[in-house]
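Let's take a walk through this model together, looking at charged side chains and then at a helix. Please have the structure open and follow along.

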Amino acid sequence: MMSEADPLTLVLVGPMAAGKTSIGRRVARRLGVPFIDTDKRIAREHGPIPAIFEEYGEPHFRQLERAAVAAALEEAGVVSLGGGAVTDAATRALLLPHPVAFLTVSPEAVADRIRGGGRPLLAGDDPLERWTRIFEERRGWYDEVATRVFDTSRRPMQRVADEIVTWRREQR
């Protein structure tokens, strides 16, 4: 049983299509804590993320995101960050006191997952090439904030979720 003084927090980071939302929901359910998706929260409060990017630019979005991450970490639970959250140094600093699971995924596995769009940074001719480039740009930051890395490439999401739950319980 969790005491009020010790709220369970777990942060999920990783590239687009690594499984942060589907794994995060499962982990939160198993741990009996809320699941908070900072991208969904930003969209609910400020409108669609592609529109924010287009109208106000990425720096403005990162500011909204940093505030959303800070609020989510205060509330505790399983907190899933947007793929680019780690590009912001102040957001990375917010993660330091918390256990952070970096969900990584191979380009081959992502190819099946990113069809269908709705991801502004992947618009254009070769979404997989863009995904790979963006992941390579951000990989160092994911590693910097990660407490532990979990590969989601060719494994059932439920198995990855179970491993994260076991690991998180060992952190206590």
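What follows begins with salt bridges and ends with helix packing.

A word on the ground rules: this is a predicted model, in which local features need pLDDT of at least 70, side-chain atom pairs count only at pLDDT 80 or more, and totals for chains, interfaces and linings use all residues. Residues are numbered from 1 along each chain as its sequence is written, and side-chain values use heavy atoms, with hydrogens and water left out.

Let's start with charge. Side chains of opposite charge can pair when their charged atoms come close. Here a salt bridge means a side-chain nitrogen of Lys or Arg within 4 Å of a carboxyl oxygen of Asp or Glu. By that rule the model has 10 salt bridges.

One of them links Lys40 to Asp37, with 3.5 Å between the closest N and O atoms. To describe the surroundings of such pairs, we call a residue buried under 20% relative accessible area, exposed over 50%, and partly exposed in between (1.4 Å probe, protein chains only). Lys40 is partly exposed, at 45%, while Asp37 is buried, at 10%.

Now turn to helix 4, which spans residues 58-75; helices (H or I, at least four residues) and strands (E, at least two) are DSSP runs, numbered from the N terminus. Which residues does Arg62 pair with here? It forms a salt bridge with Glu58, the closest N and O atoms being 2.9 Å apart, and another with Glu65, at 2.8 Å from N to O. Glu58 lies four residues from Arg62, about one turn of the helix, and Glu65 is three residues from Arg62, again about one helical turn. Through shared partners, these salt bridges join Glu58, Arg62 and Glu65 into one network. Within it, Arg62 is buried at 7% relative accessibility and Glu65 is buried at 1%, whereas Glu58 is partly exposed at 32%.

Our last stop is helix 8, residues 157-170. Its 14 residues reach 20 Å from first C-alpha to last, close to the 20 Å expected at 1.5 Å a residue (1.5 Å times one less than the number of residues). Its buried residues are Met157, Val160, Ala161, Ile164, Val165, Trp167 and Arg168. Viewed down the axis of helix 8, they fall within an arc of 170°, so they line one face of the helix; the arc is taken over the directions from the helix axis to the C-beta atoms.

What do the buried residues of helix 8 pack against? Their partners, in contact with heavy atoms within 4.5 Å, are strand 1 (9-13), helix 1 (20-31), strand 4 (100-104), helix 6 (107-113) and strand 5 (148-151).
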